[in-house]
Amino acid sequence: MPKIPKIAIIGAGPAGIYCAIKILSEIDAKIDIYEKNSPLHTLLPTGNGRCNLSYNEFDNKILASNYPRGEKFLYSVFAKYSPFDTIKDFNDMGIKTYIQDDGRIFPIKNSAKFVRDTLLSKLKNKVNFIKKEVNEKLTGYDAVILSVGLKNYPKIMQSYGHTIIDIKPSLVGLKIKEKEFSELEGVSFNDVIFTKNGVSGPFIYKLSSYMAYKDFPYKIKIPLICTDKLTEYVKLNPKKQFKNALSNFIPKSLAGVLIKSDVNCANTKKVDIEKLEYLNLTATGYDNNGEIVHAGGVKLNEIDNNFKSKIYPNLWIIGELLDVDGLCGGFNLQFCWSSAAICAKNIVQQLRG
Ligand SMILES: Cc1cc2nc3c(=O)[nH]c(=O)nc-3n(C[C@H](O)[C@H](O)[C@H](O)COP(=O)(O)OP(=O)(O)OC[C@H]3O[C@@H](n4cnc5c(N)ncnc54)[C@H](O)[C@@H]3O)c2cc1C
């Protein structure tokens, strides 16, 4: 390499910061990181402040199946940089991790702040942070990395000539049409929590991800009660009020909203039991709570498998800004680490000639 290369990173979220760390672990470079807010502020709320940084799945195809958008593209991505590589590199940086029973990976310190501080400490006095919103093309750099996420429309992509696929919230709570459930705010069942205006919780986040491009209103079907077990219970307790029998299966308050009559089990019809297999609701819009990521972003066929732009020279695009998004479980941060590490390696190779 004849001279120290000049690199710009726009957006100091997990993807941009990790990319800087990976580049500097290989070469000397003058890196300017442009950030309109404070570096890694988006990492702080992750995992409810605990930072669910990856997911324990080492079969790349199974891992990729947790991404409603980007699945096939991710096979080669995870072959190059997987959760295994992440755990090893984070461990080497002093971020030891553990695996929860459900497969989610967290730092042993259970602290997103600790992860943020450790990552930023790797860049101390090594990069130049510039507090600025960049919406135009940058010139004078050997490589430019775009990692601005999708929280706001990425205007900058227009100057670089890239196409943005329609951006939609994902992993988000939903408003519902049925007003009778609003009195159940805070009540939960089967990974669903009632909110003031609708429903939230892991089941709903997942559903919102798969339905990201469906127009409102749409019908949703939430598994409620195993009706075989309910039928058996009803037979064994003929004198019991049916709505009281239900509270052995679902919260009492929910049973009270679903069944208004005082009918006893002996007089409950089969068809009324069968209706309780699912809770049928109508989603009418987003209820902005939860772990929001975004579906949509830069079209994957406009980058190569090293995250280099096919449209504009010496430009790389990583993280949530791309049309890739995963379910809850550490998948979205894993994509940030993988895309950043692969991009860094490719830039280093290119700069070394
Ligand atoms: C509440 C919450 C909890 C979450 N928890 C988890 C979790 O536990 N596990 C998980 O895997 N995922 C989680 N996610 C998702 C995860 O946070 C994102 O996938 C991840 O932050 C995306 O990283 P990124 O670097 O691509 O973009 P971002 O994190 O969005 O970072 C982009 C950065 O660029 C800056 N920026 C934007 N535009 C410009 C501009 N024009 N000029 C300069 N700077 C700019 C922004 O200020 C920001 O700092 C959570 C998300 C939320 C909202």
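Helices α4 (83-92) and α12 (331-352) each supply at least two residues of the lining of the second largest pocket. Helices here are DSSP runs of H or I with at least four residues, strands are E runs of at least two, and both are numbered from the N terminus. This is a predicted model, in which local features need pLDDT of at least 70 and side-chain atom pairs count only at pLDDT 80 or more, while totals for chains, interfaces and linings use all residues. Residues are numbered from 1 along each chain as its sequence is written, and side-chain values use heavy atoms, with hydrogens and water left out.

Stay with the pocket. Its volume is about 320 Å³. Of its 15 lining residues, Lys22, Lys80, Tyr81, Ala341 and Lys345 are the closest to its centre. A pocket is an open set of points on a 1 Å grid over the protein atoms alone, where a 1.4 Å probe fits, with protein on both sides within 12 Å along at least five of seven lines; lining residues have an atom within 4 Å of a point. The largest share of the lining, 6 residues, comes from α12. By type, the lining has 4 nonpolar, 4 polar and 7 charged residues.

Helix α12 also meets α3 (residues 71-80). Their axes come within 9 Å and cross at roughly 70°. The two helices are therefore roughly perpendicular (65 to 115 degrees) to each other. Axes are lines fitted to C-alpha atoms over the stretch in contact, and angles run from 0 to 180 degrees between N-to-C directions. From α3, the contact (heavy atoms within 4.5 Å) uses Phe73, Leu74, Val77, Phe78 and Lys80; from α12, Gln334, Phe335, Ser338 and Ile342. These residues divide into 6 nonpolar, 2 polar and 1 charged.

The structure holds 18 aromatic pairs (ring centres within 6.5 Å). In one of them, the rings of Tyr18 and Trp337 have centres 5.3 Å apart and planes at 75°, so the pair is edge-to-face (over 60 degrees). Tyr18 lies in helix α1 (residues 14-24) and Trp337 in α12, so the pair ties together parts 319 residues apart in sequence.

Two backbone details remain. The peptide bond from Phe216 to Pro217 is cis, with omega near -5°. Pro217 is found in the loop between α7 (202-210) and β13 (218-223). Asn48 is not a glycine, yet has a positive phi of about 55°. Asn48 lies in the loop between β2 (30-35) and β3 (54-55).

How values were computed:
Points joined across faces, edges and corners; volume = space filled by probe spheres on them. Nonpolar A, V, L, I, M, F, W, Y, C, P; charged D, E, K, R; others polar. Parallel < 35°, antiparallel > 145°, perpendicular 65-115°, else oblique. Phe/Tyr/Trp six-rings, centres within 6.5 Å; stacked < 30°, edge-to-face > 60°.
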